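Q: I would like to learn how to read a protein model step by step. Could we go through some features together?

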2 protein chains.
Amino acid sequence: MRFVLAVGSTETATIDGISAAGASPESTFQTPSADAEIVEFGRPVRASTIPVSPTGCPTPAVVTRAVRECVGFSTLVIDAGLAASTAAPTVSVETEPGSDIRESVAVKSAQTVFESGRALAERLPDTDFTIGESIPGGTTTALGVLSALGAPYSVSSSHRQNPIELKREVVAAGLKASGLERGDAAHDPVRALRSMGDPVLSFVSGFTIGALQTGARVRLAGGSQMIAAGALVRHAGFDGPIEIATTPFVVNDDSADVRSAAEELNLDLVVTDPEFDGSNHPAMQRYLEGEAKEGVGMGGALALAAEAGIPMARVRESLETVYHSLLEDSDHGS
Amino acid sequence: MRFVLAVGSTETATIDGISAAGASPESTFQTPSADAEIVEFGRPVRASTIPVSPTGCPTPAVVTRAVRECVGFSTLVIDAGLAASTAAPTVSVETEPGSDIRESVAVKSAQTVFESGRALAERLPDTDFTIGESIPGGTTTALGVLSALGAPYSVSSSHRQNPIELKREVVAAGLKASGLERGDAAHDPVRALRSMGDPVLSFVSGFTIGALQTGARVRLAGGSQMIAAGALVRHAGFDGPIEIATTPFVVNDDSADVRSAAEELNLDLVVTDPEFDGSNHPAMQRYLEGEAKEGVGMGGALALAAEAGIPMARVRESLETVYHSLLEDSDHGS
């Protein structure tokens, strides 16, 4: 099993109030670089800060890393439009960060990134992939893509209160700027990505198609963004088996349609509960309160832990250790 | 333990007769990209060919991969001037391939690459590094650097017959083009690297210094090139403990001075014999005949296997499997 983590940025994340994947809209540009480092090394290396939400909720990268400490899976980090340098080793798919989807073109390189993803998956020797992402603003671009495809699903949020009305406004403005009506990009995933998507989603959907074509097992690790990836794959005409592994925090978000969308798109939904309920750990409390919810492949990592027979109590212990060492590190740095 | 593999190119490798790390001088530009893929995935992915010498001896990457199949170490591949794309995830240190050392400047970016290596090692959380390299032409640039430093050691070769006279001529021309006499760059490693080195050696020497400063264990995995790296570190004024782990094929090369140089530079030499002697496997036979000898961290990988208590018979079995699957893959591709 190889854990493929696609990381990148979109200017869409800097729209005030859209993303909680960073302490401020500007700091969201650092988040994917730091997330990759946390998964790879257990802490930020070149990145200067630990990604937290505006209220201090730590990035789901700590959960993915905590599982990795227990399970020890191989990673492959894809630079799909990073805006900041990372010390995590990456494969580049040669793209800039995405533009604000309210511009006429959101991802100039959508076609080449999609094709690179497909070609890479076809050539890798692995037969089992778990695919995660880190791109602040990603649920908004997911809504954009779903709207362009004419797939009428709502999306979740890293905020406790989903700013879904704001997202709808941004998407409406984006469709207008792209000269699209809802559904105009049906069966044309690259058009949907180019007009309304982001580079990470371009890579993930292409990679998924390539992996399906080799007969590999594909597990999309995430919530709304992976629903959008699944929709893109289906609109490209590929109907192979796809799992979507996520957290209860996303599935229980009534402002999003993850469960029904997965069913309609024929994606096998796997929900793994890390059982944070009994804990009074500050990080776990935030997740229970509905912050962050998912990201950096958290749901897929939890599924891997469950599959390997690791008790969730051990994952939680590991999470406390990773979190503690991050805070320590942060104290040293200040 | 983290296995750091620095890969890159220098135009020096295209001088006819210098390097056997490729079927032809031009194909040496593909070798480091393919080597990184073999260590990472067990076979070339984006790279189109398996690196072999002009006579068909397979790259030492297959030995390093064979050990990795047994021991399962973490890798960190550094793009220190790759000339061809690789599907291995890499950390870039922002450099072009090196120029022919017969030009006045061999590595324009020597200072920044050296500093990047140092900064990266200082920030990584690991406490134990094995550092390998793949750069065709690297023994010639090693001789260039040693000459610039005034360290009077001869170097080995990937050829069965070391073209040492050719290397000396190339180095003499390089010193002249750089306006240097032997020893003019003593105690000035960056000057030696910039005038006569390559980007991989610039990274490795900087990284080693950074790692020494954090108190990490440092094992340089290689022969003559790692002697040059050790000399650069000593000339920078750092006298911390450094191991140099290599193969008997390099140490028994009478045209090179690995053992005496290690002693004079206070590098702890560890030689691990993969015991190819009894085998009639074509790849192992080539090594016994003195081809390739070392590279891609082969000697360090063998030391890791020995340290982990893996019998060399198991490493050889693993080597046969890796080699066989490479050939199969190559048949499919043709």
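Q: Which residue just after helix 2 of chain A takes a positive phi?
A: Gly72(A), which follows directly after helix 2 of chain A, takes a positive phi of about 70°; helices (H or I, at least four residues) and strands (E, at least two) are DSSP runs, numbered from the N terminus. Please keep in mind that this is a predicted model, in which local features need pLDDT of at least 70, side-chain atom pairs count only at pLDDT 80 or more, and totals for chains, interfaces and linings use all residues. Residues are numbered from 1 along each chain as its sequence is written, chains are lettered from A and ligands numbered from 1 in the order in which they are written, and side-chain values use heavy atoms, with hydrogens and water left out.

Q: Is helix 2 of chain A mostly covered or mostly uncovered?
A: A residue is called buried under 20% relative accessible area, exposed over 50%, and partly exposed in between (1.4 Å probe, protein chains only). Helix 2, residues 61-71 of chain A, is mostly covered, with nine of its 11 residues buried; among them are Val63(A), Arg65(A), Arg68(A) and Cys70(A).

Q: Where do Arg316(A) and Glu275(A) lie in chain A?
A: Arg316(A) is in helix 13 (residues 312-333), while Glu275(A) is in the loop between strand 7 (267-271) and helix 11 (282-288), 41 residues apart. Their side chains meet in a salt bridge of 3.7 Å, N to O. Arg316(A), at 19% relative accessibility, counts as buried, whereas Glu275(A), with a relative accessible area of 42%, is partly exposed.

Q: How many residues of each chain are in contact across the interface?
A: Contact means heavy atoms within 4.5 Å, and 21 residues of chain A are in contact with 21 residues of chain B. Buried area is the accessible area (1.4 Å probe) that two parts lose on being put together, summed over both; chain A and chain B bury about 1,800 Å² between them, 56% of it on carbon and sulfur atoms. In chain A, Phe41(A), Arg46(A) and Arg123(A) lose the most area to chain B, together 29% of what that side buries.

Q: What rotation superposes chain A on chain B?
A: Two copies of a chain are related by a rotation about an axis and a shift along it. Here a rotation of 180° with 0.0 Å of shift along its axis superposes chain A on chain B (RMSD 0.0 Å), which is the relation of a two-fold axis. The superposition uses least squares on the C-alpha atoms of residues with pLDDT of at least 70 in both copies. The same surface serves both copies, as 100% of the contact residues of chain A recur in chain B.

Notes
Salt bridge = Lys/Arg side-chain N within 4 Å of Asp/Glu carboxyl O.
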